[in-house]
Amino acid sequence: MLLRIDHVGIACHNLEEKIEFYETTFGLTVVSREVNEEQGVREAMLHVADAPSGASYVQLLEPLHPDTAVGKFLAKRGEGVHHIGYGVADVTQALQDIAAKGIKLIDERPRHGSMGASIAFLHPKDVGGVLTELVETARH
Ligand code: CMX
Ligand code: CO
């Protein structure tokens, strides 16, 4: 069901500072910057690698407000890995298959993610403490 690691989501206080860090330290390149009001984030995708099943990224996340998923995470745990995003071919189908196994979904149906992707989250409590995102890349 999982095609690749699409991205690792990293929570930070200052997006511009962290972009600069990933550029200088690892030589990564920003391929997209977006504000996603629904997810409560200002974010950047930095390209890491290409695989036959698609590309992989680092997703840097700064909260738009303290009372958001990433804002609450930062207050409780500080900066660090926030979630893992896995590539899937069909996010609606994957959600249906995963729900049938009794795993709690955060999103019953897909939402809009970075770069036109369809995304959905699974609850960390049912995935061994890992907030897990499914990503269906936009078709071009
Ligand atoms: N990873 C692992 N566990 C997490 C977590 C994370 N990122 N965020 C919260 N939790 C845990 C908390 O530690 C807490 O555990 P305890 O009950 O043991 O203390 C529990 O989940 C509840 O946490 P909370 O602070 O009360 O937060 P909420 O329940 O309000 O929200 C969650 C948690 C996961 C449902 C919410 O963050 C969410 O809906 N996330 C999905 C959306 C999202 O993260 N969007 C931003 C990224 C967008 C993108 O990638 O494009
Ligand atoms: Co993500």
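**Contacts, metal site, sheet and helices**

A: Glu62 touches Cys12, His13, Asn14, Leu15, Gly40, Val41 and Arg42, leaving aside residues up to four places away in sequence. Contact here means heavy atoms within 4.5 Å.

Q: Before going on, what kind of model is this, and how is it numbered?
A: This is a predicted model, where local features need pLDDT of at least 70, side-chain atom pairs count only at pLDDT 80 or more, and totals for chains, interfaces and linings use all residues. Residues are numbered from 1 along each chain as its sequence is written, chains are lettered from A and ligands numbered from 1 in the order in which they are written, and side-chain values use heavy atoms, with hydrogens and water left out.

Q: Back to Glu62: where is the place of this residue?
A: Glu62 is in strand S4. Helices (H or I, at least four residues) and strands (E, at least two) are DSSP runs, numbered from the N terminus.

Q: Is Glu62 buried or exposed?
A: Glu62 counts as buried, at 15% relative accessibility. Buried means under 20% relative accessible area, exposed over 50%, and partly exposed in between (1.4 Å probe, protein chains only).

Q: Which backbone nitrogen lies 2.7 Å from a polar atom of the Glu62 side chain?
A: That of Leu15. A polar contact is a pair of N or O atoms within 3.5 Å; within protein, one must be able to donate a hydrogen and the other to accept it, and residues adjacent in sequence count only if both atoms are side-chain atoms.

Q: And how many residues apart in sequence are Glu62 and Asn14?
A: They are 48 residues apart in sequence and 6.3 Å apart in space, C-alpha to C-alpha.

Q: Switching to the metal. What are the protein donors of the cobalt ion?
A: For the cobalt ion (ligand 2) they are His7 (NE2), Gln59 (OE1), His83 (NE2) and Glu133 (OE), lying 2.1 Å from it. Gln59 lies in strand S4 and His83 in strand S5, so this pair ties together parts that are 24 residues apart in sequence. Donors are N, O and S atoms within 2.8 Å of the metal (3.2 Å for Na, K and Ca); water is not among the atoms, so sites may look incomplete.

Q: What spacing do the donors follow along the chain?
A: The donors of the cobalt ion follow H-x51-Q-x23-H-x49-E.

Q: Gln59, buried or exposed?
A: Gln59 counts as buried at 5% relative accessibility, and His83 also counts as buried, at 3%.

Q: Now the sheet. In what order do the strands sit?
A: Eight strands form an open sheet in the order S2-S3-S4-S1-S5-S8-S7-S6, with mixed pairing. S2 and S6 stand at the edges, each with a single partner strand, so one side of each is left without a neighbour in the sheet. Two strands pair if DSSP finds at least two bridges between them.

Q: How many bridges join S2 to S3?
A: Seven, and the two strands run antiparallel. The bridge partner of Glu34 in S3 is Glu43, and Val30 stands opposite Leu46. S2 and S3 form a hairpin with four residues between them, and Gly40 in the turn has a positive phi of about 70°.

Q: What about helices? Which residues of H2 are buried?
A: In helix H2 (residues 69–77), they are Val70, Gly71, Phe73 and Leu74. Seen down the axis of H2, its buried residues fall within an arc of 165°, so they line one face of the helix. The arc is that of the directions from the helix axis to the C-beta atoms.

Q: What do they pack against?
A: The buried residues of H2 pack against strands S1 (4–11), S3 (41–51), S4 (54–63) and S5 (80–87). On the other side of H2, Lys72, Ala75 and Lys76 are exposed.

Q: And H3, which residues are buried there?
A: Val91, Ala94, Leu95 and Ile98 are buried in helix H3 (residues 91–99). These buried residues fall within an arc of 100° seen down the axis of H3, so they line one face of the helix. What covers them includes S7 and strand S8 (132–136).
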